[in-house]
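Work through the exercises below with the sequence and the coordinates open. Each task is followed by its solution in steps.

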Amino acid sequence: MEALVESSAAVAARTAANPVAFELKGVMTSLAVLRLCTLDLSLIERHLRIKIAHLPQFFQDAPVVLDLGALALGGAEVTFAPLIRLLRQSHLIPVAITNASEAGRANAVAEGLGVMPYRATRGATRAAVTMPRESAPERSPGEITRVVRAPARPITDDMPTPPPAPVPAPPPRAAQGGRPAMVVRQPVRSGQVVYAQQSDLVVLAAVNPGGEVIADGSVHLYGTVRGRVIAGAQGYAEAQIFCQRLEAELVGVAGAFMRAEDIPAKRRGKSARISSVDGECRIEDL
Amino acid sequence: MSKVVVVASGKGGVGKTTTSANIAAGLAQKGHKTVAIDFDVGLRNLDLVLGCERRVVYDFVNVIKGEAKLNVALIRDKRIENLYVLPASQTRDKDALEPEGVGRVLEELKTLGFEYIICDSPAGIEKGAQMAMYFADEAIVVANPEVSSVRDADRVLGLLSAKTSRAELGKTIKSHLLLTRYSPTMVKKGEMLSVSDVLELLGIPLLGVIPESKAVLQSSNKGTPAIMDDTTDVAQAYLDVVYRFLGEEREQRFIDEEKKGIFRRLFG
């Protein structure tokens with residue numbers, strides 16, 4: 001990356017001489033990784049629909065990386081065209097593959113997908129994945145049709161000097177990186193969505209049924225919450241939900257969700273603290 | 001000083017048109033020059049409830065399109081002085097309502113000296129409803145005491161705070177709640193949401209409670225707003241609403257079950 005970095009003075013001097021066509025920058029960003037456990041398109045579609053229904057605006061036009069590591073032969077058998085079409089129909093934009101065999105990679109490149117070096121450890125991958133519960137194949141055997149566990153290959157080795165990889169970055173340390181919490185004083189009404197990007201969210205009024213509050217960090221709710229609450233929307237596992245009166249339709253922390261139906265009756269109508277423990281929502285006293 | 005007031009609910013059938021007609025009639029009875037505009041293009045109703053359907057020649061869309069002059073399209077009520085109706089078009093579709101045209105007509109009504117411009121919104125949250133609320137200074141949100149109606153009212157309140165001209169200028173729209181078709185008996189049995197349930201959820205001031213009553217249906221069919229026959233509880237309730245809307249203090253009625261004396265309990 002250093003080679004690409006120039007001092008701003010140098011840039012200015014050069015700009016004066018000739019116009020610049022572009023600047024090349026290495027940006028660290030976190031991307032959703034879709035770890036495929038099956039090639040059954042209808043199953044993928046069904047599960048996608050459920051996931052997206054939880055957080056539609058989060059997945060709208062989101063770029064995704066396809067992790068082929070869990071597939072037989074490192075994805076050599078994947079026919080990408082229908083898979084890409086399916087993802088596009090779900091408003092996801094597949095941009096690259098990772099963790100693929102050579103054959104799988106060739107197929108992907110032929111279909112216009114990029115190749116990302118597989119570098120992340122399991123923990124880091126999980127952090128960037130927005131749907132961690134389904135990501136580990138051994139936990140959901142029902143979804144696997146044909147799995148031969150190919151060893152995860154570090155394909156970095158045989159790559160022609162890759163550009164600095166936007167490796168799945170650690171999730172945003174919300175509210176610690178300097179961005180102050182977003183504060184909402186008005187009730188969040190049915191149909192309204194409040195999203196605190198890269199920060200905590202504080203709601204002083206109620207969140208009504210059909211309203212949604214989402215934060216990349218934690219969510220603090222001082223009014224009754226009857227709508228949906230998502231903390232750690234980008235996968236930040238330390239995020240939590242703090243609320244004075246829990247009557248939510250749905251709560252989610254770092255990819256783990258709980259519907260109203262799953263919330264124990266004794267927790268309803270009371271104050272609560274909700275966190276994600278081992279990929280599951282846990283509700284405790286505030 | 002003119003005030004544009006939208007009567008909205010999101011959900012259909014909760015009593016928007018009845019409320020628009022009665023509040024407009026009540027304000028006019030109190031001496032304020034008032035016009036009720038039907039924004040429900042294609043489903044013209046307000047003229048029926050106000051009993052002027054046989055006098056409709058031109059409509060709101062004609063005026064917007066410049067096909068008729070405003071003072072020609074306005075229908076003057078024969079019974080109540082100061083009350084005017086601008087009916088909806090029954091043949092056009094909602095796309096005929098475009099913001100510039102609607103805004104121009106509202107401005108013209110203001111210059112004609114109308115103190116209150118009551119915009120009867122269609123159900124839903126689509127274009128017609130959005131146009132009805134866009135220029136509003138105040139809103140009367142009508143809800144029935146049941147969950148779907150309350151949720152829709154909540155949605156409408158959200159739109160009022162986002163998709164209106166005042167909201168775009170960073171100002172708020174004063175919103176009042178009107179709870180219609182209320183039955184204290186059913187509330188007591190737990191079959192209906194109570195006033196306090198609804199207020200807790202919506203968090204806006206209560207303009208009034210209109211009791212469930214046959215008088216509403218009868219008056220709609222007759223084309224005479226219920227408020228004109230002040231012997232009924234509905235008329236009393238709407239009168240209270242009009243007074244409160246004009247800033248007078250009136251104690252809330254029709255919230256609790258009528259206390260029956262021993263004779264009425266025995267005989268009926």
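**Exercise 1.** Which residue in E8(A) is the bridge partner of Tyr195(A)?

Solution. The model is a predicted one.
Step 1: locate the strands. E6(A) covers 193-196, and strand E8 of chain A covers residues 212-215.
Step 2: E6(A) and E8(A) run parallel and are joined by 4 bridges.
Step 3: read off the partner. Tyr195(A) is bridged to Ile214(A) in E8(A).

**Exercise 2.** Give the strand order of the open sheet that contains E6(A), and explain why E6 and E13 of chain A each have one side left without a neighbour in the sheet.

Solution. 
Step 1: the sheet has 5 strands, ordered E6-E8-E10-E12-E13 in chain A, and its pairing is mixed.
Step 2: strands E6 (193-196) and E13 (256-259) stand at the edges with a single partner strand each, so one side of each lacks a neighbour in the sheet.
Step 3: from one strand to the next, the twist averages 5°.

**Exercise 3.** Carry out the analysis for the open sheet of 6 strands in chain A, and find the bridge partner of Met182(A) in E7(A).

Solution. 
Step 1: the order is E5-E7-E9-E11-E14-E15, again with mixed pairing.
Step 2: the edge positions belong to E5 (182-184) and E15 (280-284) of chain A; each has a single partner strand, so one side of each is without a neighbour in the sheet.
Step 3: here the twist averages 20° from one strand to the next.
Step 4: E5(A) pairs with E7(A), residues 201-203, in the parallel sense over 3 bridges.
Step 5: within E7(A), the partner of Met182(A) is Leu201(A).

**Exercise 4.** Describe the contact between chain A and chain B: how many residues does each chain contribute, and how many salt bridges cross the interface?

Solution. 
Step 1: chain A contributes 11 residues and chain B contributes 10 residues.
Step 2: the two chains bury about 860 Å² between them, with 39% of this on carbon and sulfur atoms.
Step 3: the rule finds 4 salt bridges across the interface. On the side of chain A that touches chain B, the classes are 1 nonpolar, 6 polar and 4 charged residues.
Step 4: between the chains, 8 residue pairs are in polar contact, with both residues at pLDDT 80 or more.

**Exercise 5.** Which residue of chain A forms a salt bridge with Glu200(B), and where does each partner lie?

Solution. 
Step 1: the partner is Arg226(A), with the closest N and O atoms 3.1 Å apart.
Step 2: the pair crosses between chains, Glu200(B) lying in helix H10 (residues 195-202) of chain B and Arg226(A) in the loop between strands E9 (219-225) and E10 (228-231) of chain A.
Step 3: the side chains of Arg189(A) and Asp154(B) also meet in a salt bridge, at 2.9 Å from N to O.
Step 4: over all chains, the salt bridge count comes to 24.

Definitions and conventions. Residues numbered from 1 in each chain as written. Chains lettered and ligands numbered in written order. Predicted model: local features only at pLDDT ≥ 70, side-chain atom pairs only at ≥ 80, totals over all residues. Heavy atoms only, no water. Pairing = 2+ DSSP bridges. Helix = DSSP H or I, 4+ residues; strand = E, 2+ residues; numbered from the N terminus. Axes fitted to C-alpha atoms, helices over the stretch in contact; angles between N-to-C directions. Contact = heavy atoms within 4.5 Å. Buried area = accessible area lost by both parts, 1.4 Å probe. Polar contact = N/O pair within 3.5 Å; in protein donor to acceptor, adjacent residues only side chain to side chain. Nonpolar A, V, L, I, M, F, W, Y, C, P; charged D, E, K, R; others polar.
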